[in-house]
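Visitor: Could you walk me through this one slowly? I'm new to reading structures and would like to know what the words mean as we go.
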Amino acid sequence: VANMMNLSRSVALISLFLLPLLSFSFSVDNPTDRRVLVLLDDLSLKSSHSIFFSTLKSRGFDLDFKLAEDSKLALQRYGQYLYDGLIIFAPSTERFGGSLDSKSIADFVDSGRDLILSADTSASDLIRGIALECGVDFDEDSSAMVIDHSSFSVSDVDGDHTLIAADDLVKSHAILGKTKIEAPVLFRGVAHSLNPTNNLVLKVLSASPSAYSANPSSKLSSPPQLTGSAISLVSVMQARNNARVVISGSLQLFSDKLFRSGVQKAGSPNKYEKSGNEQFATELSKWVFHERGHLKAGSLVHHRVGETDEPAIYRIKDDLEFSVEILEWSGKSWEPYVADDVQVQFYMMSPYVLKTLSTDKKGLFHTSFKVPDVYGVFQFKVEYEKLGYTTLSLSKQIPVRPYRHNEYERFIPTAYPYYGACFTTMAGFFVFSFVYLYHK
């Protein structure tokens with residue numbers, strides 16, 4: 001009995017210290033210092049892709065490297081997630097070890113956590129299935145690669161033109177930063193297309209119109225299925241819960257070799273000593289791990305003009321002021337978000353008022369308007385969706401009442417002609433009566 005009591009105490013103490021560690025998770029209020037699980041086909045990737053991993057470590061990420069077939073793999077324990085991000089650099093893995101599978105990875109993203117998935121020509125059905133869940137469909141031909149006889153790197157001039165110098169990047173400061181990526185991005189890998197029914201996924205790096213997907217070591221016997229701008233090289237998805245996913249068709253894109261390689265696009269006189277791969281991968285990793293484009297909003301504030309306290313109810317035709325504070329995470333601290341496209345709706349079944357908010361450049365968005373001449377239960381609604389930014393959806397309910405019986409105007413200015421007609425009739429009747437009675 002004594003041994004059992006000692007064992008129970010030991011378990012309790014272990015749980016006391018273990019649970020805070022297991023409860024560590026991505027915080028909306030402080031999205032930093034996060035643990036990331038990195039799954040590799042071969043541990044040699046730690047050295048061949050060391051620059052990319054070093055940039056993550058330098059920004060405060062705790063990387064846990066494991067082989068994809070490790071028998072002890074697990075994303076959660078005791079119902080709590082152990083990691084906040086997942087990097088899968090294991091394209092040929094047919095089956096993950098431990099309790100990890102495609103469903104657990106889908107659940108991981110569904111819980112609001114982030115994923116980077118990279119494939120190549122050895123991509124297994126498992127990797128393809130995970131990508132398909134995110135709205136990305138890799139070329140069915142496992143031997144096919146992206147070929148471009150017009151936009152290849154001149155270093156591949158005598159080769160099969162599978163080393164592509166791509167420069168068709170998404171135009172979004174939120175995703176790729178404000179500093180323009182001048183040098184083309186080197187890409188060697190497989191093509192994928194986007195599911196047209198999934199409006200959450202978009203291309204970040206697209207192929208040129210002259211590109212196509214085929215086996216470079218054999219002649220074409222039929223037209224390729226994927227051609228031109230339909231080919232995506234790198235895509236991203238932001239789920240409705242603001243979880244972010246990056247899917248690349250090239251594992252080499254993140255390698256030290258391509259990071260350090262010089263690049264010159266065929267037909268272009270511009271030659272760069274260093275490709276745009278490192279800048280592209282670094283900026284993209286900042287986005288996927290919420291170091292940029294991550295917004296948070298304070299509560300919706302409203303009150304009558306000239307007052308400061310929030311009322312429990314409005315009356316029709318009241319003049320009110322509305323404001324909301326929106327901040328953006330800079331990677332280290334919260335900074336004021338500046339934009340001119342944030343709107344508020346005063347909503348009941350449909351928006352009766354739609355106003356674009358003004359900003360003081362310090363994160364405060366505000367406006368004023370008159371309550372419509374309709375009574376009922378309304379909502380202040382701010383629903384903000386912008387490319388590359390987390391979605392904001394805020395609402396606050398407020399009833400609107402009509403005038404009370406003693407609040408109506410005694411004399412309505414627009415009715416003055418009717419008042420005048422009434423009194424004129426009375427005066428005329430008085431004059432007529434006087435003349436009729438006293439005139440002989």
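Guide: Let us settle two words before anything else: a residue is called buried when its relative accessible area is under 20%, and exposed when that area is over 50%. Please also keep in mind that this is a predicted model.

Visitor: OK, so is Tyr78 buried or exposed?
Guide: Tyr78 has a relative accessible area of 65%, and because exposed means over 50%, Tyr78 is exposed. Tyr78 sits in the loop between strand S3 (76-77) and S4, and Tyr78 has a positive phi of about 55° although it is not a glycine.

Visitor: And what about His290, what is its phi near?
Guide: The phi of His290 is near 65°, which is again a positive value in a residue other than glycine. His290 belongs to the loop between helix H8 (277-288) and strand S19 (295-297), but its relative accessible area is 1%, so His290 counts as buried.

Visitor: Switching to helices, which residues of H4 are buried?
Guide: In helix H4, which runs over residues 102-110, the buried residues are Ser104, Ile105, Phe108 and Val109. They cover an arc of only 145° around the axis, and therefore they lie on the same side of H4.

Visitor: Why would residues that are apart in sequence point the same way?
Guide: An α-helix has 3.6 residues a turn, so residues three or four places apart point the same way.

Visitor: What's on the other side of H4, and what covers the buried residues?
Guide: On the other side of H4, Lys103 and Asp110 are exposed. The buried residues of H4 are covered by several elements, including strand S5 (85-89), strand S6 (114-118) and helix H5 (125-133).

Visitor: What happens at the start of H4, and just after it?
Guide: At the start of H4, a side-chain oxygen of Asp101 comes to within 3.3 Å of the backbone nitrogen of Lys103, while just after H4, Gly112 takes a positive phi of about 100°.

Visitor: New topic: where is Asp64, and which side chain does it join in a polar contact?
Guide: Asp64 is in strand S2 (residues 62-67), and a polar contact of 2.5 Å joins its side chain to that of Tyr83. Asp64 is buried, because its relative accessible area is 18%. Leaving aside neighbours within four places in sequence, Asp64 is in contact with Arg35, Val36, Leu37, Val38 and Tyr83.

Visitor: Last one, which residues make the nonpolar surface patch?
Guide: Among them are Phe429, Phe430, Leu437 and Tyr438, and the patch covers about 1,100 Å². Tyr438 is found in helix H9 (residues 416-438), and Tyr438 counts as exposed because its relative accessibility is 62%.

Key: Residues are numbered from 1 along each chain as its sequence is written. This is a predicted model: local features need pLDDT of at least 70, side-chain atom pairs count only at pLDDT 80 or more; totals for chains, interfaces and linings use all residues. Side-chain values use heavy atoms; hydrogens and water are left out. Patches are made of residues with over 30% relative accessible area and no salt bridge: like charges are joined within 9 Å, nonpolar side chains (Val, Leu, Ile, Met, Phe, Trp, Tyr) within 5 Å. Accessible areas come from the Shrake-Rupley method with a 1.4 Å probe; for residues, only the protein chains shown count as cover. A salt bridge is a side-chain nitrogen of Lys or Arg within 4 Å of a carboxyl oxygen of Asp or Glu. Helices (H or I, at least four residues) and strands (E, at least two) are DSSP runs, numbered from the N terminus. Buried means under 20% relative accessible area, exposed over 50%, partly exposed in between (1.4 Å probe, protein chains only). The arc is that of the directions from the helix axis to the C-beta atoms. Contact means heavy atoms within 4.5 Å. A polar contact is a pair of N or O atoms within 3.5 Å; within protein, one must be able to donate a hydrogen and the other to accept it, and residues adjacent in sequence count only if both atoms are side-chain atoms.
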